Amino acid sequence: MKIAVFSTKKYDTLYLQPALEANGHQVHFLQTRLDDETLALADGYTAICIFVNDSLTARGIEYLSKKGLKYVLLRCAGFNNVDLDAAEKFGVKVARVPAYSPYAVAEFAIGLMLMLNRNLHKAYNRVRAGNFSLEGLTGFDMRDRRIGIIGTGKIGLLTGKICRGFGSEVVCYDPYPNSEGAKEYGMNYVDLDSLIATCDIISLHCPLLPSTHHMINSETLSKMKDGVMLINTSRGGLIDTVALIKALKSGKVGQVGMDVYENEDNMYFEDSSDSIMLDDVFSRLLTFHNVCITGHQAFLTREALENIAEETASNLEAFING
Ligand code: NAD
């Protein structure tokens, strides 16, 4: 089978390519992201393999299904970038990799919390500039904090579990509670309003859905504790970025750690600085020294890449074998 992989990443050629080729498929790397402009590159391929920054619209699915597309292999957990209704309508099967490494993302969320709390990002730059001043670097003991986890799926539960290891109090919210899991890790469910109003750190671990779009907005931000720390490793659209910027300016929000951001699909973060395009809102976010932003790398561990490659290859075989 001919498979088109939309990727510019070297690590995909290291992990994904051998996994797909091991089953005898012809794998072609298309060195760009998929969107309505680049659709035609996938003409004639039976399967395409895409990631979070690709976009497969209803128009794209209709077009590619007429050119022979049967399978869409998402090599990520999220699926908000594919029009699933259109896929069903045009008989295109879509698979994702729901749990390649929840540890990778949970550990990353904790990394952002610790970095912001202990001001490591500021200390790193200072010391490199020969400045060993400790002014403004005071953090807090994690054990004294109340941490709120929104979304207690695989990643949210693990994040809470690690926070419990610090001795922090962990409360959580999920419309579909996992009472057993939360109990095992020593976390208590509360309603969303109470979580938002009482936590020192709030970490988002729910999917981007119409119902969760901008769940963190000017109203929810206004109810948070002064100086709250927000962590988002889930999806950028969960937070209204303009409202967040206002809350950062007023000091309502103390610190923000983000691995994902709104309009991520339209921004390129490639290895060369030439290809970086930032929108105005994102550029404004970067001016705050209490905001740490990474380029959607929370998943990026060797173990996760191995799991992604193996799962993606086995999803394709499962489709082929009916
Ligand atoms: P999961 O499906 O295991 O868990 C998601 C949880 O969110 C579920 O328990 C669900 O009930 C809950 N949820 C749904 N609606 C909610 C709402 N309105 N409020 C609160 N909770 C709600 O997913 P997961 O594997 O734990 O992934 C969580 C998020 O992390 C996803 O958005 C995923 O896309 C993202 N993710 C990011 C990266 C990265 O590299 N940054 C990597 C993997 C996953």
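Gly-68 counts as partly exposed, because its relative accessibility is 35%; by the convention used here, buried means under 20% relative accessible area, exposed means over 50%, and partly exposed lies in between, with a 1.4 Å probe and protein chains only. The structure is a predicted model, in which local features need pLDDT of at least 70 and side-chain atom pairs count only at pLDDT 80 or more, whereas totals for chains, interfaces and linings use all residues. Residues are numbered from 1 along each chain as its sequence is written, and side-chain values use heavy atoms, with hydrogens and water left out.

Gly-68 lies in the loop that joins helix 2 (58-66) to strand 4 (71-74). Helices (H or I, at least four residues) and strands (E, at least two) are DSSP runs, numbered from the N terminus. When residues up to four places away in sequence are not counted, Gly-68 touches Tyr-45 and Thr-46, a contact being defined by heavy atoms within 4.5 Å. Between the C-alpha atoms of Gly-68 and Val-92, which are 24 residues apart in sequence, the distance is 9.7 Å.

The overall dimensions of the chain were considered next. Along the principal axes, the C-alpha atoms fill a box of roughly 60 × 50 × 35 Å. The chain contains 12 helices and 12 strands, and 48% of its 322 residues count as buried. Of the contacts with a separation of 6 or more, 65% are accounted for by residues 24 or more positions apart.

The chain exposes about 15500 Å², of which carbon and sulfur atoms supply 50%. Accessible areas come from the Shrake-Rupley method with a 1.4 Å probe, and for residues only the protein chains shown count as cover. The chain carries 31 positive and 39 negative charges, whose mean positions are 3 Å apart. Lys and Arg count as positive and Asp and Glu as negative, while His and the chain ends are not counted; each charge is placed at NZ of Lys, CZ of Arg, CG of Asp or CD of Glu.

Seven strands form an open sheet in the order 8-7-6-9-10-11-12, with parallel pairing. Strand 8 (188-189) and strand 12 (291-293) stand at the edges with a single partner strand each, so one side of each is left without a neighbour in the sheet. Two strands are said to pair if DSSP finds at least two bridges between them. Strand 9 (residues 201-204) pairs with strand 10 (residues 228-232) in the parallel sense over four bridges, and Ser-203 stands opposite Ile-231 of strand 10. Strand 10 also pairs with strand 11 in the parallel sense, over five bridges; here Ile-231 stands opposite Gly-257. Strand 11 (residues 253-258) is mostly covered, with five of its six residues buried.

A parallel pairing over four bridges also links strand 3 and strand 4, with Val-72 of strand 4 as the bridge partner of Ile-48. In a regular strand the side chains alternate between the two faces of the sheet. In strand 4, Tyr-71 and Leu-73 point one way and Val-72 and Leu-74 the other way, and all are buried.

Several loop residues were also examined. Ser-55, in the loop between strand 3 (47-50) and helix 2, is buried because its relative accessible area is 18%. Leaving aside neighbours within four places in sequence, Ser-55 is in contact with Arg-33, Leu-34, Asp-35 and Asn-81. Asn-119 is found between helix 4 (102-117) and helix 5 (120-128), in a loop; phi of Asn-119 is near 55 degrees, a positive value in a residue other than glycine. With a relative accessible area of 4%, Asn-119 is buried. His-296, in the loop between strand 12 and helix 12 (302-320), likewise has a positive phi, near 55 degrees, and counts as buried at 14% relative accessibility.

Within helix 1 (residues 10-21) lies Tyr-15, which counts as partly exposed at 23% relative accessibility. Residues up to four places away in sequence aside, Tyr-15 touches Arg-302, Leu-305, Glu-306 and Ala-309. The C-alpha atoms of Tyr-15 and Ile-147 are separated by 36 Å, the two residues being 132 residues apart along the chain.
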